[in-house]
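User: Please take a close look at a single site in this model and at what surrounds it. I would like one connected account that goes on to the sheet and to the charged pairs.

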Amino acid sequence: MEDVLAVYERAYDPDRPVVVMDEKPLQPLGPARDALPARPGSARKEDHEYARRGTCSIFVWAEPLAGWRDAYALPTRTRED
C-alpha cells in the first residue's frame, strides 16, 4: 500500500504521467407500474417498487497533477468491458 501512496506523492513529470482509472457499474431503474392519477381529495399515488432496466458502466480516466480527466458511459455492461 505504501508503494501506491508514494506514486501519488511524486512531483508532476510530463514524461511519466500518473493516470488513474475508475469504473462505476450502474443499474438503471424504472417504475414497475404506472402511477395512479390524482383525484379530488386524493393525491397521485406512486408505487415504491422499481424494475431493473439492465446494466451500464461509467468509466473515468484522470491525470490529477495535470488537471485532465475524461469520462464516458457505455449503454451496456459486458464481460469485455
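**Close look at one site**

Ser57 is buried, with a relative accessible area of 0% (buried is under 20%, exposed over 50%, partly exposed in between, with a 1.4 Å probe and protein chains only). The model is predicted, so local features need pLDDT of at least 70 and side-chain atom pairs 80 or more, while totals for chains, interfaces and linings use all residues. Residues are numbered from 1 along each chain, and side-chain values use heavy atoms, without hydrogens or water.

Ser57 belongs to strand β4 (a strand is a DSSP run of E, at least two residues). Its side chain makes a polar contact of 3.3 Å with the side chain of Glu23 (N or O atoms within 3.5 Å, one able to donate a hydrogen and the other to accept it). Neighbours within four places in sequence aside, the residues in contact with Ser57 are Glu23, Lys24, Pro25, Tyr72, Ala73, Leu74, Thr76 and Arg77 (heavy atoms within 4.5 Å).

Leu74 sits in strand β5. The C-alpha atoms of Leu74 and Ser57 are 5.4 Å apart, although 17 residues separate the two in sequence. In contrast to buried Ser57, Leu74 is partly exposed, with a relative accessible area of 22%.

The surrounding sheet is open and has three strands in the order β1-β4-β5, with antiparallel pairing (at least two DSSP bridges between paired strands). Strands β1 (20-26) and β5 (68-74) are its edges, each pairing on one side only. Strand β4 spans residues 56-63, and seven bridges join it to β1 in antiparallel fashion. Cys56 of β4 stands opposite Leu26.

Strand β4 also holds Glu63. Glu63 is buried yet has no salt bridge (a Lys or Arg side-chain nitrogen within 4 Å of an Asp or Glu carboxyl oxygen). The nearest side chain of opposite charge is that of Arg10, 10 Å away (Lys and Arg count as positive, Asp and Glu as negative). Apart from residues up to four places away in sequence, Glu63 touches Tyr12, Pro17, Val18, Val19 and Trp68.

The salt bridges themselves lie among other residues. The whole structure has three of them. One joins the side chains of Arg33 and Asp47, with an N to O distance of 2.3 Å. Arg33 and Asp47 are 14 residues apart, and both are in the loop between β2 (29-31) and β3 (50-52). Arg33 is partly exposed, with a relative accessible area of 46%, and Asp47 is also classed as partly exposed, at 31% relative accessibility.

Arg33 forms a salt bridge with Glu49 as well, where the closest N and O atoms are 3.3 Å apart. Glu49 too lies in the loop between β2 and β3, 16 residues from Arg33. At 40% relative accessibility, Glu49 is partly exposed.

Glu46 and Arg44 make a salt bridge in which the closest N and O atoms are 3.8 Å apart. Here Glu46 is exposed, with a relative accessible area of 59%, and Arg44 counts as exposed at 55%. Shared partners bring Arg33, Asp47 and Glu49 together in one network of salt bridges.

Glu63, on the same strand β4, is buried without a salt bridge.

How values were computed
Helices (H or I, at least four residues) and strands (E, at least two) are DSSP runs, numbered from the N terminus.
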